[in-house]
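Trainee: I have the model open. Could you walk me through it?
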Amino acid sequence: MTREISRTVWLFSLLSVLLLLTMLVALDTGATTVHLRDLWHPAGTQDQATRLVLRDIRGPRIVMACLTGAALAVAGTIMQGLFRNPLADPGLAGVSSAAALATACVIILGSSWQWATWLGMWTIPCAGIVGSFAGMGLLYLFATRGGVTSITAMLLAGVAFGAFSGALTGILIFRANDAALRDLTFWTMGSFSGATWRSVSLLVPFVLIAGALATCLAAPLNAMLLNEHNALLIGYPVERIKSLSILAVACATGPTVSLVGAIGFVGVVVPHLVRLAAGPDHRIVLPASAMLGAILLTGADTMARTLASPAEIPVGVVTALLGTPAFVWLLARSHRTDVS
Amino acid sequence: MTLELRNVTWRRGEREILRDVTLSFGRGLVTAIIGPNGAGKSSLLRLASGLSRPTGGDVLLDGQPVAAMSPRHLATRRAMLTQENETAGQFLVRQMVVMGAGMSARGMAIDRQVALADMLLQQVGLAQLAGRQMMTLSGGERQRANLARVLMQLEVARAKDLPAGFLLLDEPISAQDPAHQALVLQLACQHAARGGGVAVVLHDLNWAAACADRLVVVHQGRVHAYDTVEAVMTQDLACSIFGLKDGCIHLHAKTGRPFILPHDNIGRKANIRASS
């Protein structure tokens, strides 16, 4: 037990150092030749460009990448614990596809809607948030009968719902004009280029709620790994755990997908990497996944904006390029374990 | 002080699984539940544990309706070993047993929980495997590790000076060799001797007759008989419920308890095999 504790201390120390380093490198690197050391000038002597780049462009972007990475990784961990399936992903619960459908509706049809002009720059994020919560709510209601939620029914309905909303999004794309199509394509691939302190402030409350729920859910999710019946037998209110888990996933995924677009693989790969190092205990996996998710997405975003500088590659492309081989490796590894 | 089922009926869709079941499991007693496959034994245990709600009648634990108790409160009063125990995630054996403490463990130091888990692993004969991953154990070892997890739940309640709870076991020896079958049932009897109640579903009628204080015979969703071993384990029961032949019930020379030796059936099958 002492060995496990010291391993956990090492893991969190390493992740903390890595997170700090990644953030510093991200702040220091970019298309504009503004460096971190410029911040060391006495207050008032920094030029306006330095302040603008570090404080108003890279600053919110890094915070947004950290929050998004942490939120998606936590959502993935919760989904995998709840579904007792190591390959579950927030996308399976219909959140991402519902957000995509709502966003496509607003981008393509929104110009003729009065409320869309009232909301201004918040139209797309708000539509995505409402869409993701509505999608997850529908699935939850569908899978719940007599106060009991069937996780299997929810998983299957989520896959079907994803396909259906994908088809509806396809119809919308079919009738979109060139400008709307470009906006939608860019959103679909995910990017932090639009991050501002205001968009960060919109995301923070949702991430805090998801984080608080995840903290409460860590021990119950361990019990859920014993299976639902055994979790109930040892005293956990299983149905409440399921509904709180679903709420946490919606809070973590919906707003992030709405604000930065669909970013794949973080939710499924990060919890796996953490489990390889720290074992299955959610009290460790959840916070460690949040940290590793933040590290990976901040790193991926730094690569996205520097590899083709001054142009930017969408961050979703970078995570998919890095994530796909990792995902295939995990599949092959789990297949080998099943066979042996 | 009992776990009691009163006129309990349970339906799943159109199918009636249990009909008008009334019986009580007492503290200090081992009650074995026997019956043919599909008779409703496991369903009876699920209803008694509160895992499923009856469609009619009541389940009462020390006079209180189980349906009205919170899962946390209920967890301090009874523990159950189900037949489905696949654990997802690569937990170590000791970790999994500690998890059995569940919600009852709140306020108890982790060192104390680990010490209790180690003691229980010692009791089920798995002390040397405490640091192994669950998925590397054999079927029988996994079943005993899960028994240790279930006992952990009751031990934690006991450590908090709560009254001894009920231990419900659904086919706990199905994957065990003879020596470990004896060990598992010995642990169940020990729990009863310390004032707890035990209800155990068994397919092995001889073990049921050897270890139980009371026998419940479930047949086609009804309680066919509920009495002492000597009163229940009769030739008539062996023939009418289990389809065995006359003369298969014997009395053990040392214990005086009945036991079954279905030599006629075995002989008949052997003849069929030889002639074919």
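Mentor: One term to start: buried means under 20% relative accessible area, exposed over 50% and partly exposed in between, with a 1.4 Å probe and protein chains only. This is a predicted model, where local features need pLDDT of at least 70, side-chain atom pairs count only at pLDDT 80 or more, and totals for chains, interfaces and linings use all residues. Residues are numbered from 1 along each chain as its sequence is written, chains are lettered from A and ligands numbered from 1 in the order in which they are written, and side-chain values use heavy atoms, leaving out hydrogens and water.

Trainee: Which residues of α4(B) are buried?
Mentor: Helices here are DSSP runs (H or I, at least four residues), numbered from the N terminus. The buried ones are B:Q113, B:V114, B:L116, B:A117, B:L120 and B:L121.

Trainee: What do those buried residues of α4(B) pack against?
Mentor: Contact means heavy atoms within 4.5 Å. The partners of this buried face belong to chain B: α3 (93-99) and α5 (139-159).

Trainee: Where in chain B does pLDDT stay under 50?
Mentor: pLDDT is the predictor's confidence in each residue, from 0 to 100. Chain B has a mean of 89, with 95% of its residues at 70 or more. Where pLDDT is low, the predicted coordinates should not be read in detail. The stretch under 50 is residues 270-276.

Notes. Helix = DSSP H or I, 4+ residues; strand = E, 2+ residues; numbered from the N terminus.
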